[in-house]
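Visitor: Please take a close look at one part of this structure, the sheet and the packing around it.

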Amino acid sequence: MINNILAKNHTYIHYPVIDSTNAQAKRLISLSPDTILRTPYNWVVADEQSKGRGRQNRLWQSPKGNVYTSCFFKIDVQKYSLTHICFASGLALSKTIQHIAQQNKDADFTKYIQLKWPNDIMLYQKKCAGILLEVYRGYVIIGLGVNISSSPSASASTHLQMYVSHVTKDVFVNQLAFSLEHYMNKLVSNGFTPLRSEWLSKAYQLGKEIKFMSDDVSYTGIFEEIDCHGALVLNMAGKRKTFFSGDLFVL
């Protein structure tokens, strides 16, 4: 059921419980794209997920109180790569968290918001949000999970209500919709270069020595930059190596 129109270009579809917002987005695309998907940006939002997942099919714990949403829209993925869209999504998430911080007088933690390559949002050096991108029948699906009221106790993660009391899921998703549209328009109009510069200004562990795991092989070096394709560039004693997939770890 369509519950609300967020803005001119956005439709919000809410479910109390769903297996996965990305999975539901695929079902909507398959079943009734012409009757349900009336706006350029379509949002599936759930209070809980029973089978939430993150990158590389990792479990994403999904209790009530946090944001579980997928935005899906049509775009030429031959012209605008999924990697670039992922960075635009990360910037939209960080901008939304920044907006929430600045709107609350009791806490402004803007300078502690960072972007971890390739798809995590860090707050005070701990994971606060993550992104999962997929392509399905001509649509890009951006799955977004944000810790609002809780975070897994057994991992290095955190949640927004630890630092600010006045934040709700609805407020967050509304702001996120505008932020995502802004960065997607920026990507389409100006290309990846300005987004790359902004992303690097917030990059987690940039310029520091890190451990990097790719294809079960461990590398150690300085996180130098991301290139024009969004790949991570590691400087290992003067030898630069480029990675398109893998996991970054703090030494």
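Guide: What follows covers the sheet, then the cores, then the cysteines.

This is a predicted model, in which local features need pLDDT of at least 70 and side-chain atom pairs count only at pLDDT 80 or more, while totals for chains, interfaces and linings use all residues. Residues are numbered from 1 along each chain as its sequence is written, and side-chain values use heavy atoms, with hydrogens and water left out.

The open sheet has 5 strands in the order 12-11-10-9-13, with antiparallel pairing. Strands (E, at least two residues) and helices (H or I, at least four) are DSSP runs numbered from the N terminus, and two strands pair if DSSP finds at least two bridges between them. At the edges, strand 12 (239–243) and strand 13 (247–250) each pair on one side only. Strand 10 (residues 217–226) and strand 11 (residues 232–236) run antiparallel and are joined by 4 bridges. Phe 223 stands opposite Leu 234 in strand 11.

Phe 223 is also among the contacts (heavy atoms within 4.5 Å) of Trp 199, which include Phe 87, Leu 91 and Ile 226. Trp 199 and Phe 172 have the most contacts inside the largest nonpolar core, which has 62 residues. Such a core is a set of buried Ala, Val, Leu, Ile, Met, Phe, Trp, Tyr and Cys residues joined through side-chain atoms within 4.5 Å; buried means under 20% relative accessible area (1.4 Å probe, protein chains only). Helix 3 (residues 82–103) gives the most to this core, with 10 residues. A second, separate core of 12 residues includes Ile 29 and Tyr 139.

As for cysteines, Cys 71 counts as buried because its relative accessibility is 0%, and Cys 128 is buried with a relative accessible area of 0%. The count of disulfides (pairs of cysteine sulfur atoms within 2.5 Å) comes to 0.

Methods. Buried < 20%, exposed > 50% of the residue type's maximum accessible area, 1.4 Å probe, protein only. Lists of a residue's contacts leave out its neighbours within four places in sequence.
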